[in-house]
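Dear colleague,

Please find below the structure that I am handing over to you. My notes on what was found in it follow.

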Amino acid sequence: MMKKLVLTGAAGRLGSYLREPLSKLCEELVSTDIVDDIGTLYQGERYEKADLAQMSEIAPVIAGADMVVHFGAIGDERPFEVLLGPNFIGAYNVWEAAYQHGVRRVVYASSIHAVGMHKKQDFIGIDAPHRPDTFYGLAKCFAEDLASMYWDKRGLEAVCLRILSAAQVNNPRALGSWLSYDDLIQLVTRAIDTPTTGFSVIYGVSNNDRAPVDNHLASYLGYRPKDNAEQFAEQVLAEAPPADPTDAAQMYHGGPFASVPLGESGVASMNIINDKKEV
Ligand SMILES: NC(=O)c1ccc[n+]([C@@H]2O[C@H](COP(=O)([O-])OP(=O)(O)OC[C@H]3O[C@@H](n4cnc5c(N)ncnc54)[C@H](O)[C@@H]3O)[C@@H](O)[C@H]2O)c1
């Protein structure tokens, strides 16, 4: 069993679903975020407050870890200057601290928005070139490239999870893009327990009939999603407003992020339900 695992973004929505399963994979789970506390802790879990943008705060948290599961970031489009600290410098700090402290692997919450300007008609694989739809997506491209470079030059393994939408299915796009919380947990678990990964990329999507991306080149990671958003299709399609075939939000993998002006929230129009798991 691993000795120490670090989870960044532990106070976030996805973090809330990962804490308990991750606490069972290691002797000590160190959960970290920028908030003062995250409430009741699971057995074997400890909380440390740290700002990802400050190397002096995040490096001591990472020291001694076997792996880092890096989910901390601003999870939406914002002006570049706002994302620079948490999402860009934060990623550099995580990889550099991981390298300095001999961490074996970083599991990273990347995003479909790293490739969001590819057309929906293109069934993109994990080898699709970066084509960010926002500064937010650009930060994911930066971190993926950082991950690739730290593997090539410094032997630090990384698995970049290009998550589509891990949120309740309440719009037609989500019939393709849904990642259920159970499948998220399986995905992160495979990213951790696969013996060797080098630098890997995989889409974080459930086994949806309408999944718009292709994971077959990442088959070796053993991720076999179980949930399928088709169970929500009848209701979601019946309730959806008429579709506009010329709307960029419908035409590109990035959805609403593909159509928002740079720097403006993509999440604002998405009606995401904050169903954070409570301990
Ligand atoms: N939810 C999705 O569908 C989805 C899709 C693609 C990618 N992702 C990525 O997954 C990760 C988690 O997403 P989420 O939906 O749980 O978002 P979230 O906003 O609920 O969680 C992100 C957490 O990061 C923390 N954070 C922000 N700035 C920080 C800083 N400077 N220092 C330390 N912590 C900081 C926040 O406090 C928050 O708790 C993010 O990296 C996001 O980009 C999420």
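Is α1 mostly covered or mostly open, and how many of its residues are buried? Helix α1 is mostly covered, with nine of its 11 residues buried. Please bear in mind throughout that this is a predicted model. The buried residues of α1 are Arg13, Leu14, Gly15, Ser16, Tyr17, Leu18, Arg19, Leu22 and Ser23. Their cover includes the strands β1 (2-8), β2 (26-33), β3 (45-49), β4 (67-70) and β7 (157-163), together with helix α6.

An oxygen atom of the ligand lies 2.5 Å from an N or O atom in the side chain of tyrosine 136. A nitrogen atom of the ligand is 2.9 Å from an N or O atom in the side chain of aspartate 51.

In soluble globular proteins, nonpolar side chains tend to be buried together. In the present model, the largest nonpolar core has 68 residues, and Phe71, Trp95, Leu161 and Tyr203 have the most contacts inside it. Helix α6 (residues 181-193) contributes the largest share of this core, six residues. Another core, of seven residues, lies apart from it; among its members are Val169, Ala174, Leu175 and Ala229.

Which residues does tryptophan 95 touch, leaving aside those up to four places away in sequence? They are His70, Val106, Tyr108, Ala143, Leu146, Ala147, Tyr150, Leu156 and Ala158.

Asparagine 93 is found in helix α3 (residues 80-100). Why does asparagine 93 count as buried? Its relative accessible area is 4%, and the cut-off for a buried residue is under 20%. The side chain of asparagine 93 reaches the backbone oxygen of alanine 53 at 3.3 Å. Beyond residues up to four places away in sequence, asparagine 93 touches Leu52, Ala53, Gln54, Met55 and Ile58.

Aspartate 127, in contrast, is exposed, with a relative accessible area of 57%. Its place is the loop between β6 (124-125) and α4. Aspartate 127 and histidine 70 are separated by 57 residues in sequence and, from C-alpha to C-alpha, by 22 Å in space.

Asparagine 271 lies in the segment after α9 (256-259). Because its relative accessibility is 54%, asparagine 271 counts as exposed. Most residues other than glycine have a negative phi. The phi of asparagine 271, however, is near 50 degrees, a positive value in a residue other than glycine.

Yours sincerely

Methods:
Residues are numbered from 1 along each chain as its sequence is written. This is a predicted model: local features need pLDDT of at least 70, side-chain atom pairs count only at pLDDT 80 or more; totals for chains, interfaces and linings use all residues. Side-chain values use heavy atoms; hydrogens and water are left out. A nonpolar core is a set of buried Ala, Val, Leu, Ile, Met, Phe, Trp, Tyr and Cys residues joined through side-chain atoms within 4.5 Å. Buried means under 20% relative accessible area, exposed over 50%, partly exposed in between (1.4 Å probe, protein chains only). Helices (H or I, at least four residues) and strands (E, at least two) are DSSP runs, numbered from the N terminus. Contact means heavy atoms within 4.5 Å. A polar contact is a pair of N or O atoms within 3.5 Å; within protein, one must be able to donate a hydrogen and the other to accept it, and residues adjacent in sequence count only if both atoms are side-chain atoms.
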